[in-house]
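Welcome to this short tour! Open your viewer, get ready to select residues by number, and follow along stop by stop.

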Amino acid sequence: MPAAVDADPRDRRRRRKRVTDEHGKHVRVWELALRYALLLAVLALTVGPFLWQLSTSLKGPTEDIFSSPPKFLPGEPTLHNYDRVAQTIPVWDYALNSLKVAAANVVTNCVGAALAGYALARLRYRGRRVATLVFILAMLVPVEGIIIAQFTTMRELGLNNTLIGVVLPGCIGAMNVLLMRNAFLNLPYEIEEAAFVDGANTWQRFLRIALPSVKGTLAVVAIFAFMGAWDDFLWPLIVLSDPDKFTLTIGLNYLHGTFANDERLVAAGTIIAVAPLIALFACLQRYFFRGVGEGAVKG
């Protein structure tokens, strides 16, 4: 019996050109165009200012950065503005101080949040729900409300004007602990029960089973901790008084105050401050997006 033949070959071409979403549902052309228009608008609002700062930092002194209409691409790109930033303030020393603080913050948050999150999610002890509630309430307290108490504590400990004093208040964030707790809660209990039957103790179950399964959430915690420490301005400004120990945010504040009229210099300093954050996210983005569905069973 001969095979059935379509009545019109054009119908096959129309079916092949149908646009569908991730669930296989047909999407109209105007809906698709609206989605892309909204995405482009959000992209322009979020990435546009950074690209403008990058363009301004590459423009030479003879180029007019306030021309109308604005000229986005520099006519003669130059790195001279970055060299001027280094000549104006010890920007690389400030960046090194910020890197020390941020790296210490990442290590302490990843280790502390992982341990605390595992204890809240897996261990059975009296007061576990109260401890979880304390971490939730800690997120509701504004930093400005406790900054005087933090400063008094650092002064009593003799940690004023030290980088340790900058790191200590933010070494374990309440939000990071709750993120790790939720990631551990999503892991199936059967896996750890099987390890317990095989004789694994609590530390072995944590290090060999639970922790490797939440790498994505650890990457999220690392990014949040790095960004929080790198971008922090108020607390380092309060606790530090020696210019040799200033972080990058405080140093760039001097750049803004002294050379506020030189937009090229300010833009170059801004790019120097933002570049490490972009590099960190580029390295961890694969784990960052995987952290949304952390804890799922892989078949």
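## Stop one: α4 and α8

Asn 109, Ala 113, Ala 114, Ala 116, Gly 117, Tyr 118, Leu 120 and Ala 121 of helix α4 touch Asn 176, Val 177, Met 180, Arg 181, Phe 184 and Leu 185 of helix α8. Here contact means heavy atoms within 4.5 Å, and helices (H or I, at least four residues) and strands (E, at least two) are DSSP runs numbered from the N terminus. Sorted by class, this contact has 10 nonpolar, 3 polar and 1 charged residues. Ala, Val, Leu, Ile, Met, Phe, Trp, Tyr, Cys and Pro count as nonpolar, Asp, Glu, Lys and Arg as charged, and the others, Gly among them, as polar.

Before going on, note that this is a predicted model, where local features need pLDDT of at least 70, side-chain atom pairs count only at pLDDT 80 or more, and totals for chains, interfaces and linings use all residues. Residues are numbered from 1 along each chain as its sequence is written, and side-chain values use heavy atoms, with hydrogens and water left out.

Now select residues 91-121 (α4) and 174-185 (α8): the two helices pack at an angle of about 50°, with axes 7 Å apart. That makes α4 oblique to α8, since angles under 35 degrees count as roughly parallel, over 145 as roughly antiparallel, 65 to 115 as roughly perpendicular and the rest as oblique. Axes are lines fitted to C-alpha atoms, for helices over the stretch in contact, and angles run from 0 to 180 degrees between N-to-C directions.

## Stop three: α9 and α10

Select residues 189-197 (α9) and 202-210 (α10), which pack at an angle of about 130° with their axes 10 Å apart. That makes α9 oblique to α10. Ile 191, Glu 192, Ala 195 and Phe 196 of α9 meet Arg 205, Ile 209 and Ala 210 of α10.

## Last stop: two stretches and the confidence

Next, residues 133-152 are 90% helix, with end C-alpha atoms 26 Å apart.

Finally, colour by pLDDT, the predictor's confidence in each residue, from 0 to 100. The protein averages 83, and 86% of the residues score at least 70. Over residues 295-299 the pLDDT is below 50.
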